[in-house]
Amino acid sequence: MTHDHVRVSRALLSVSDKTGLVDFARALDARGIALVSTGGTYRTLKDAGIPVVEVAELTGFPEMMDGRVKTLHPAVHGGLLAIRDNPEHQAALAAHGIDAIDLLVVNLYPFEATIAAGKPEADCIENIDIGGPAMIRAAAKNHADVAVVTDVADYATVLDALTAGDGTLTLAVRRALAQKAYTRTAAYDAAISNWMAAQFAVEGPQPYRAFGGSLAQGLRYGENPHQAAAFYRAPGVPRVGVATARQLQGKELSFNNFNDTDAAYECVAEFDPSRGAAVVIVKHANPCGVAEGASLLDAYERALACDPVSAFGGIVALNRALDGEAARRIVEIFTEVIIAPEATEEAIAILAAKKNLRLLLAGGLPDPRAPGETVRTLAGGLLVQGRDAMVVDDMPFRVVTKRAPSEAEAADMRFAYRVAKHVKSNAIVYAKDGATVGIGAGQMSRVDSSRIAAWKAREGADRLGLADSLAKGAVVASDAFFPFADGLLAAAEAGATAVIQPGGSMRDPEVIAAADEAGLAMVFTGHRHFRH
């Protein structure tokens, strides 16, 4: 039988994180609750003058093997798992002199923090908790009779509930704590299994996969107001970016802000800051303007010129510390988020006047070559793949046309291909002199993306009062091969002079012949960059 109220007479405390421990234990003792504890927790409570019994007195065995064995004993697990209304369980407790435990307070060895700190393998192994998860799972399973606390943030909630219940905890409270407990052990085990997979170089699809994380921020809603949402941080060494960023000002990030800001920062990370300043402007997860420049201001002006209409309300990512000169210009149009490795005090002061503008400082740039995984849900399952860690600088350039690209064209090809990697498929990117001049994204056919990019380049020329399209003399990057010559010919008609693409189509000879006829230079990289 499940009781709505369960009286708490005895509690076992065994915590790694001792934040708030003494005050919490003292409050339990003041309510007449007997306390049992282990190891360092016991010593902390004893030193604080709080009455407490060491778990070794219950088990009749001392802690051993450097604390690896201390709570894995019937005297502990019997007290947690016994069903109070089951006569056989009660008889077993009495026969073996086991006292029931009504409240378990456990937080786990800091495994996630240990791997995040890059500690040696032996240290990581030693920080895999065994007894803690076992006790948590036992207490959570028996939540009809036992309450389990796994988070120091719940200490106040439990004390308030005990006060309101005159020393008892309600079924609603116990259920909520039990659910949270299983979530905690699941995330903990996921961190361990994924660390082991990486550490031991486990290859191929694994028969089981676990993913977990800790709540970083509850969000107002998801992509739309009727969708609930939250942001979770994955365990381990965090990838530099949104997860590591400090938000200096502005409203909380929305679901879409997180998604778009991540897309912008991953794209700008393709541009080595030692080579030059770079700026990426993103709208709806697609770059709408990207440029390198002599300064951040120069790069921003050139990126903005690609598509200033789409840039309104967009995300701006920079590969260097934001300075006052660039900040002053960026705030001239409505911008949702600015993300950079760092920012000068002058830049921070300038942005402070824009209360709704979010400023994120990530502390560095993500490594575009770093391995990792992307996960996407679908009905009834998950799709898991390695992240696209290929960079154009590591790809072979195979010239397939009669004309080889000039040095300037080759530089723009590499620039455009860096951008195309971060544009939704089908992706076409026109670039000239280290700046995008037209981007076609997310179309069902490649020729449509090519036409849209050409139209954007023509529109840009009209804004500047130029007779010729900005695509004239530009290079074109395609994230995948041209299945037909029509997309390539659309680029040639727009004025492009060179093309970079992965190649690999059965119609490659036809496309190469069309490029030769149009006088284009074309190179194959052998690596595509689909981004659905």
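**Note on cysteines and aromatic rings**

1. C124 is buried, at 2% relative accessibility. The model is a predicted one, and the values here are computed from it.

2. How many disulfides does the structure hold? The count is zero. C306 illustrates this: C306 is in no disulfide. The nearest cysteine sulfur belongs to C288 and is 7.3 Å away. In general, a disulfide is a covalent bond between the sulfur atoms of two cysteines.

3. C306 is also buried. Its relative accessibility is 2%.

4. Now the rings. The structure holds seven aromatic pairs. One of them joins W195 and F200: the ring centres are 6.0 Å apart and the planes meet at 65 degrees, so this pair is edge-to-face. The cut-off behind that label is an angle over 60 degrees.

5. Are the two partners buried or exposed, or in between? W195 is buried, with a relative accessible area of 11%. F200 is partly exposed, at 41% relative accessibility.

6. W195 and F200 also belong to a cluster.

7. Which residue lies over the face of F397? R414 does, at 4.1 Å from the ring centre.

Definitions and conventions: Residues are numbered from 1 along each chain as its sequence is written. This is a predicted model: local features need pLDDT of at least 70, side-chain atom pairs count only at pLDDT 80 or more; totals for chains, interfaces and linings use all residues. Side-chain values use heavy atoms; hydrogens and water are left out. Rings of Phe, Tyr and Trp (its six-membered ring) pair if their centres lie within 6.5 Å; planes under 30 degrees apart count as stacked, over 60 as edge-to-face and the rest as tilted. Buried means under 20% relative accessible area, exposed over 50%, partly exposed in between (1.4 Å probe, protein chains only). A charge sits over a ring if NZ of Lys or CZ of Arg is within 6 Å of the ring centre and within 35 degrees of the ring normal. A disulfide is a pair of cysteine sulfur atoms within 2.5 Å.
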